[in-house]
Amino acid sequence: MIVLMLVLAYGGMTALCLAMNRHYRQVRFGRPSLQLKWILRLTGTALLLVALLLGSIGWGPTIGPVVWFGVLSVSALILIFMLPYRPRLVLRSNLAVSPLALLASLIILL
Amino acid sequence: MKKTFSQSMAWLHTWSGLIFGWILFAIFLTGSLSVFDREISQWMQPESAASQVPATTAVDRAADYLRNNHPDAPSWLIVPPSDRSATMLAYWQEGQEFPHVALDPATGKVAKRDTDGGHFFVHFHYQLHAGTIGTWIVGGVGLMMLIGLLSGIVIHKRIFKDFFTFRPRAGAQRSWLDAHNALGVLTLPFLLMITFSGLAIFAFMYLPSPVKLLYGDSLEDSEEFFHEARPHVDLEPTDQSAALLPLGGFVERTQQAFGTEQIWYISVDHPGDENAVVSLEPLYGEQLTLSNQLIQFRGITGELLQKGMPFQPATHTQRVLTGLHFAQFGGAVTHWLYFISGLVGTAMIATGLLLFSVKRRRQIVLDSDVSTGFLNVVDRLNVAAIAGPILACLAYLWANRLLPPGLAERPAWEIGAFFAVWALSLIHALWRPARRAWLEQFTAAALLSLLLPLLNMLTSSQHLLVTLPAGRWRLAAVDLTVLALGLACVWLLRRLGMERQRTAVSGSAAPVWELADS
């Protein structure tokens, strides 16, 4: 559960981060289109919310959000310190694990 | 000179951060360690780490010890072994003080390696080992932390734009500022929560006036207040002595009452008296609120006096805040998240302290009128405030293994080692040039942490080669975390070394001792 939450929050944070011109340029050339920016923002928010939902299922509605805040901080810190050193790895690691995590959490939620 | 609001906030942040950061670093570091106080205690008593005595038997043995050694104490308190630690603590009251001793649950005698264990870090975290005055100092410093956080938010104008920004190659000042901002902003929910809830724990001590106004000044008046706030049974001693029932039975009844194995503590008021009261609380693994599952019995007859504690909303709020700070809930996941967030906060304070130096040094380069004397003092105190507590905590663990197990006043010796090494770090920092002091103290920290697991192998039977194959993760994690700290120190030293080489090659005159690459 905690691993799922971390992966989802990491994915969500990455999506929100790439919706900003400066960080998009760190991993890809050019600027994201306005459309892509909104898709990234919505995906990012959705992933974070799924993580919150998972936390509330795993630890109940009171402890779940506390765990969620901790997960947000840890995942964003991993992202922030990886971006300048291994920008490509950020994208690759996300593409590798995020879909799996999303699938697993869908199974849990349903 | 007229200043804008954000300029005066920047001034406040800079100076309060510098002055109080020196002590906040140690408070945050020991606070983070306190999350794992039981695990550290267990690590520090390897002789009893393997014992698997159930809480019921253990508390009976602890009660025997207290009955033989402190029969006339007005109250006792026992922290039984749990799944987090095999050792137990026995407290007894002496006036307003509560001395304690670590007991081996298998024998009921003082543990072979008498120690304050991880409890010392908890104690230092909120009292600086200075009693009530310490609590006041920590409260004041905690308030300054809150001010630092809020003024930090005000002066960080690009908080959303720079949310994910970290530029390690953008020059020393920029990189340190980025790191400081990133560490602070990303853990901001935790930092605000932990600072505020820390203050809320001692709210009645820090802000006594409302209680005094409404209830009166005397000790009885404040007792009356606490009685109303946290309804519980208090019986007056009768001076008729009677025999206390075995405490193990009360543990069992509490386990049944709340459907939990883990007991937080069991306390006995007027143990040898006819009106003895036994109070217990389970460990709150599944809720934030603390103390609402208090259960009380008559110690002589076993009659149930009270189950649960009906809170008023205000008390409930305060107990939730306390619960958020103590982090007893959620198991290992919450503990690690708290530990990491706490260390991030610690690092945030450290980067803030270094940022002061870096900025001031640049001012000196640009404007020769700014004096270097003050900066030299700041540099040296920074070393003692950052490397010092790290070395002191390591020394505490080393002392635990090196001091002979049977030494009298052993806990005091261990704590002595903590403060002695911190004092040495200060003296060393004042004596050496700041750059050398950083290098040497971090080298010492790296050696102490990398060699500690080795020392553990030589001096105890609970080392990594035993704990890892046996899957004893709670013990292994202590060794592994210390190893990780050692590797982090080595990484920092390499960065420092690279920095020096580059300075030497470029022949730059500016004393670039900073760790960041530019």
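Which residue of chain A does B:Asp162 form a salt bridge with, and how far apart are the closest N and O atoms? I looked it up: the partner is A:Arg22, with the closest N and O atoms 3.2 Å apart. I counted a salt bridge when a side-chain nitrogen of Lys or Arg lies within 4 Å of a carboxyl oxygen of Asp or Glu.

Ground rules. I am working on a predicted model, where local features need pLDDT of at least 70, side-chain atom pairs need pLDDT 80 or more, and totals for chains, interfaces and linings use all residues. Residues are numbered from 1 along each chain as written, chains are lettered from A and ligands numbered from 1 in the order written, and side-chain values use heavy atoms, without hydrogens and water.

Entry: the chain pair. I placed A:Arg22 in helix 2 (residues 21–27) of chain A, and B:Asp162 in the loop between helix 5 (131–155) and helix 6 of chain B. Helices are DSSP runs (H or I, at least four residues), numbered from the N terminus. Across the interface of chain B and chain A I found one salt bridge. I then took contacts (heavy atoms within 4.5 Å). 28 residues of chain B touch 25 residues of chain A. The two chains bury about 2,200 Å² between them, 77% of it on carbon and sulfur atoms. Buried area here is the accessible area (1.4 Å probe) that two parts lose on being put together, summed over both.

Entry: the domains of chain B. I noted domain 1 (51–114 + 231–310) and domain 2 (371–507). The bounds come from an automatic or database domain assignment. Their C-alpha centres lie 37 Å apart. Five residues of domain 1 are in contact with ten of domain 2. The area buried between these domains is about 610 Å², with 42% from carbon and sulfur atoms. On the domain 1 side, B:Lys112, B:Arg113 and B:Asp114 lose the most area, together 81% of what that side buries.

Entry: a helix pair in chain B. I checked helix 6 (residues 172–186) against helix 7 (residues 188–201): their axes come within 4 Å and cross at roughly 65°. Axes are lines fitted to C-alpha atoms over the stretch in contact, with angles from 0 to 180 degrees between N-to-C directions. The two helices are therefore roughly perpendicular (65 to 115 degrees). Helix 6 contributes B:Gly184, B:Val185 and B:Leu186, and helix 7 contributes B:Leu188, B:Pro189 and B:Leu191. By class, I logged five nonpolar, one polar and no charged residues. Val, Leu and Pro count as nonpolar, Gly as polar, and Asp, Glu, Lys and Arg as charged.

Key:
Angles under 35 degrees count as roughly parallel, over 145 as roughly antiparallel, 65 to 115 as roughly perpendicular and the rest as oblique.
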